[in-house]
Amino acid sequence: VFGDVYLPNQIQPLWFIEGMAVMEETYRTGTGRIRSAEFRATLRMNALEGKLLSLGEASNDMRQYPRGSNPYIYGAMFVDYLRTRFGEEKLSEIVREYGSNTVPYAVNRTFERVLGVELVELYDDWLAAVRADAKAAAAAIEAKGRTESEALTADGEAKGQPVYSRDGRTLLLSASDGETRAGLFALPLD
């Protein structure tokens, strides 16, 4: 009746929308970000540092690194956990059920109706599995002998490739701390 005016599935949490999209790209192609070592490493480090996002944090914009990638990373890996535990058919059923509900924002109720378990409980179970996997990976690395590293900088999140000025007396470098406006810095070589 409403056509493109009312799209309930577009009001789902971004992590679910993007998680479903990344699942499709992963299992319908030969690549896909669920197979990404970067996604697994980000979650592993968040777990080991005690910085895994809560469901509320994952459902909203976060300033925590990796910022805009959080819905993709958390969404993809959590949806893949659900896919492994319940199957793709149940995920499709969640989408259908949520999309046919006239009352938006009933994500937890939809999960409980389709899967028999509340979303908040499933997310906590997944976080526990992520923590266990991270601890096991850390133990395996320790057993092989960990290579120590040292951060060379602590003043930024992103640094560009340094370039010499035309006269060769200055090094130009772009840098950003992820919080304030990025800048181009001139460093005299003397």
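Two strands are said to pair if DSSP finds at least two bridges between them. Strand S2 (residues 163–164) and S3 meet this condition, pairing in the antiparallel sense over two bridges. Helices (H or I, at least four residues) and strands (E, at least two residues) are DSSP runs numbered from the N terminus.

The structure is a predicted model, in which local features need pLDDT of at least 70 and side-chain atom pairs count only at pLDDT 80 or more, while totals for chains, interfaces and linings use all residues. Residues are numbered from 1 along each chain as its sequence is written, and side-chain values use heavy atoms, with hydrogens and water left out.

**Strands and hairpins**

- S2 and S3 form a hairpin with five residues between them, and Gly 168 in the turn has a positive phi of about 75°.
- Strand S1 (residues 158–159) is joined to S3 by two bridges, and these strands run antiparallel. Here Lys 159 stands opposite Ala 175 in S3.
- Strand S3 (residues 170–176) also pairs with strand S4 (residues 183–188), in the antiparallel sense and over six bridges.
- Ala 175 has Gly 183 as its bridge partner in S4, and Thr 170 stands opposite Pro 188 in S4.
- The hairpin of S3 and S4 has six residues between the strands, and Gly 178 takes a positive phi near 80° there.

**The nonpolar core**

- A nonpolar core is a set of buried Ala, Val, Leu, Ile, Met, Phe, Trp, Tyr and Cys residues joined through side-chain atoms within 4.5 Å. Buried means under 20% relative accessible area, exposed means over 50%, and partly exposed lies in between (1.4 Å probe, protein chains only).
- The largest nonpolar core has 36 residues, of which Trp 15, Leu 43, Tyr 74, Phe 78, Phe 111, Tyr 123 and Trp 126 touch the most other members.
- The elements that give two or more residues to this core are H1, H2, helix H3 (55–58), H4, H5, H6 and H7. The largest share, eight residues, comes from H4.
- Not counting residues up to four places away in sequence, Phe 78 touches Trp 15, Leu 119, Leu 122, Tyr 123 and Trp 126; contact means heavy atoms within 4.5 Å.

**Helix H5**

- At 1.5 Å a residue, the twelve residues of H5 should span 16 Å, and its end C-alpha atoms are 17 Å apart, which agrees. The expected span is 1.5 Å times one less than the number of residues in the helix.
- Glu 88, Leu 91, Ile 94 and Tyr 98 are buried in H5. They cover an arc of only 115° around the axis, which puts them on the same side of H5; the arc is that of the directions from the helix axis to the C-beta atoms.
- Glu 89 and Arg 96, on the other side of H5, are exposed.
- H1, H4 and H6 are among the elements that cover the buried residues of H5.

**Helix H6 and Thr 110**

- In helix H6 (residues 107–115), the buried residues are Val 107, Thr 110, Phe 111, Val 114 and Leu 115. Their arc around the axis is only 100°, which puts them on the same side of H6.
- These buried residues pack against helix H1 (14–27), helix H4 (70–86), helix H5 (88–99) and helix H7 (119–144).
- Thr 110 counts as buried because its relative accessibility is 1%.
- The side chain of Thr 110 reaches the backbone oxygen of Ala 106 at 2.7 Å.
- Thr 110 is in contact with Ile 94, Glu 97 and Tyr 98, leaving aside its neighbours within four places in sequence.

**The loop residue Gly 32**

- Gly 32 lies in the loop between H1 and helix H2 (37–48).
- Gly 32 has 14% relative accessibility and therefore counts as buried.
- Not counting residues up to four places away in sequence, Gly 32 touches Glu 25 and Thr 26.
- Gly 32 and Ala 154 are 122 residues apart in sequence and 32 Å apart in space, C-alpha to C-alpha.

Definitions and conventions. A polar contact is a pair of N or O atoms within 3.5 Å; within protein, one must be able to donate a hydrogen and the other to accept it, and residues adjacent in sequence count only if both atoms are side-chain atoms.
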